[in-house]
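Please read these notes with the model open beside you. They go point by point.

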Amino acid sequence: MANDNFTQAALTLAGNFTVDAGGVGEAVGKAVGKAVGNLPGNLPGNLPGNLPDKKQKKPLLSIRNLKQYFPVKGHRNMFVKANDGITLEIYEGETLGLVGESGCGKSTFGRTLLQLYRQTHGRSLFYGRALDSIAPHYLRDTIKSLPHGKQNLLKLFDKSRAADAEVKAASGGDDKHKFRAMEEAEKSRKAAEDAFLDLVHIFGGLLLSPNEDEIIAAYLEHFNAAAHRNRINDDIAALELKKTESAEKSDSLEAALSEKRAALASAEEELKRKLGAIDALRGRMKGSEGFDELERLRDDGIDLARLDYNEMRLLRRDMQLIFQDPYSSLNPRLTVGQIVGEGPLAHNFFSGTGEALQEHVLGVMNNCGLAPYMIHRYPHQFSGGQRQRIGIARALAVGPKFIVCDEAVSALDVSIQSQILNLLSELKEKEKLTYLFISHDLSVIKYISDRIGVMYLGNIVELADSEELFRHQRHPYTEALLSAIPTTRAAKAKESIILEGDIPSPIKPPKGCKFHTRCRYVTDICREVTPELKETDPGHFTACHHCL
Ligand code: SF4
């Protein structure tokens with residue numbers, strides 16, 4: 001009976017992530033919509049985190065409900081809500097521009113993604129490496145606590161259902177009561193969905209198996225085999241490094257390497273066998289009720305938010321940051337060669353500052369437009385543009401897949417800005433990079449971005465292809481932001497929308513839509529119910545109850 005309840009809960013939640021138009025999720029959405037009187041905000045639509053368009057674009061990062069709160073000193077239970085529930089995907093090879101007023105949480109978002117701040121809540125899945133190549137601790141903990149995880153999920157699901165019932169009960173009452181019930185229902189639904197995703201990403205359809213012990217045993221064996229294989233890989237990397245850097249040929253080193261390689265081959269075989277055992281369990285469950293629906297949600301992304309310090313350190317070489325200020329972000333006591341070579345040394349690409357490292361540094365410098373003779377110079381001997389090139393070279397030296405460019409050209413004058421933007425575009429093609437490009441400058445964002453996210457007070461309010469966003473804004477804040485771009489055309493200048501009032505405090509943001517205190521289209525629902533970021537046109541997401 002308990003498993004029946006769990007199956008029902010899991011299938012209902014799985015429906016919230018179903019892509020097809022007739023899915024359970026939409027049915028639930030419609031039911032709630034009906035209960036609250038078909039409010040204008042209840043458009044059926046997909047959420048950005050629910051629709052990984054894996055066939056056409058491969059996500060490199062999938063962020064869901066990311067929150068970053070900072071405690072206010074001297075005030076318990078008071079937080080600066082710098083990011084407050086961000087959901088989006090960043091596709092491999094794209095430049096995602098992030099724009100918004102100063103202080104809206106753009107830089108915090110970039111740094112939180114890199115886990116320079118440990119995120120307060122939500123998941124940030126990274127697909128740049130296989131999950132079992134890291135075998136993180138959180139994976140082992142989730143496997144071991146499967147029974148507890150399922151019980152917790154059931155509790156949260158019941159709470160969410162009770163909140164939905166409140167919405168129905170309140171549908172005949174006054175608007176304020178109705179809207180509050182909707183807001184509570186939304187929070188409870190998100191909590192249940194998060195707990196569900198924690199489990200379903202790992203176990204997929206096997207979550208429905210009544211035989212938990214068997215599942216836990218098979219997963220733990222696979223986890224241990226992966227951890228063992230990874231340890232051998234680390235040993236081999238250390239030995240190979242020693243071999244390339246030692247002047248003389250050492251027989252003992254060669255012998256140790258061949259021994260490790262043989263051990264690696266058998267560890268790989270063992271890993272395959274353990275994976276086969278899990279697949280056999282899946283094969284047994286295939287065709288049972290709900291198995292396929294949950295299996296589709298299995299996800300092998302690495303949740304950055306749950307990695308420990310050392311696990312995250314391994315991924316630092318894949319994820320780098322280019323800072324805003326090229327003056328203060330370089331250590332004045334180090335030469336260019338030392339600055340660029342620091343990362344490769346820290347990640348054990350080289351064991352010492354020998355010729356191999358110097359060659360690597362010179363190669364990276366050349367790619368970034370820095371002449372070889374500059375390798376022994378200090379940062380103060382360079383202009384702003386050249387210093388930013390050094391900052392870019394430092395990020396590139398470890399061969400990253402993803403780079404956060406945090407206002408990377410804001411401190412430069414216009415002609416240098418264009419040089420750096422062109423360099424970043426060239427490097428993106430050459431090194432197959434993915435950028436999150438943060439800026440408050442709309443013209444820079446338009447020039448470099450494939451897609452643009454607009455941020456207001458810690459939330460993404462609109463997300464679309466660059467051209468589409470400039471052609472057709474659907475959120476009132478984006479409309480106001482774009483209308484404020486300075487122009488020499490008198491006719492255009494008249495159309496400027498002046499935003500009234502100040503940006504509210506991120507410590508106590510307004511209820512409902514955070515933009516409602518400054519929006520000219522505000523209605524009652526906006527003051528109480530937080531609009532969700534939904535797909536309003538293909539590939540165009542907007543968080544507004546009354547999209548333009
Ligand atoms: S206040 Fe404005 S931006 Fe916010 S939901 Fe309402 S109409 Fe949309």
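The points below cover the sheet, the helices, some backbone angles and the ligand shell.

1. Basis. The model is predicted; local features need pLDDT of at least 70, side-chain atom pairs count only at pLDDT 80 or more, and totals for chains, interfaces and linings use all residues. Residues are numbered from 1 along each chain as its sequence is written. Helices (H or I, at least four residues) and strands (E, at least two) are DSSP runs, numbered from the N terminus.

2. Sheet. Eight strands make an open, mixed sheet, in the order β6-β7-β8-β3-β9-β10-β12-β11. β6 (319–322) and β11 (534–537) are its edges, and each pairs on one side only. Pairing here requires that DSSP finds at least two bridges between two strands. From one strand to the next, the twist averages 25°. Angles run from 0 to 180 degrees between N-to-C directions; axes are lines fitted to C-alpha atoms, for helices over the stretch in contact.

3. Parallel pairs. β7 (residues 402–406) and β8 (residues 434–439) run parallel, joined by five bridges. Val 404 faces Leu 436 in β8. Four bridges link β3 to β9, again in parallel. There, Val 99 stands opposite Val 454 in β9.

4. Strand β9. Buried means 20 or more other C-beta atoms within 10 Å of the residue's own; exposed means 12 or fewer, partly exposed is in between, and C-beta atoms are placed from the backbone. Six of the six residues of β9 are buried.

5. The β9–β10 hairpin. β9 pairs with β10 (residues 459–465) in the antiparallel sense, over six bridges. Ile 452 stands opposite Ala 464 in β10. The hairpin has two residues between the strands, and Leu 457 takes a positive phi near 45°. Leu 457 counts as buried because it has 24 C-beta neighbours inside 10 Å.

6. Helix α3. Six of the eight residues of α3 (residues 106–113) are buried, so the helix is largely enclosed by the rest of the structure. The buried residues are Lys 106, Thr 108, Phe 109, Gly 110, Thr 112 and Leu 113. Just after α3, Gln 115 has a positive phi of about 60°.

7. Helix α11. The buried residues of α11 (residues 336–346) are Val 336, Ile 339, Val 340, Gly 341 and Gly 343. Their cover includes α12 (355–367) and α13 (384–396); contact means C-beta atoms, placed from the backbone, within 7 Å.

8. Glu 407. This residue sits in the loop between β7 and α14 (414–431). The phi of Glu 407 is near 50°, a positive value in a residue other than glycine. Glu 407 counts as buried because it has 20 C-beta neighbours inside 10 Å.

9. Ligand shell. Which residues are closest to the ligand? Cys 513, His 516, Cys 519, Cys 526 and Cys 544 are the closest of the 13 residues around the ligand. The cut-off is a C-beta atom, placed from the backbone, within 6 Å of the molecule. The shell has nine nonpolar, four polar and no charged residues. Ala, Val, Leu, Ile, Met, Phe, Trp, Tyr, Cys and Pro count as nonpolar, Asp, Glu, Lys and Arg as charged, and the others, Gly among them, as polar.

Note on methods: Two residues are in contact if their C-beta atoms, placed from the backbone, lie within 7 Å.
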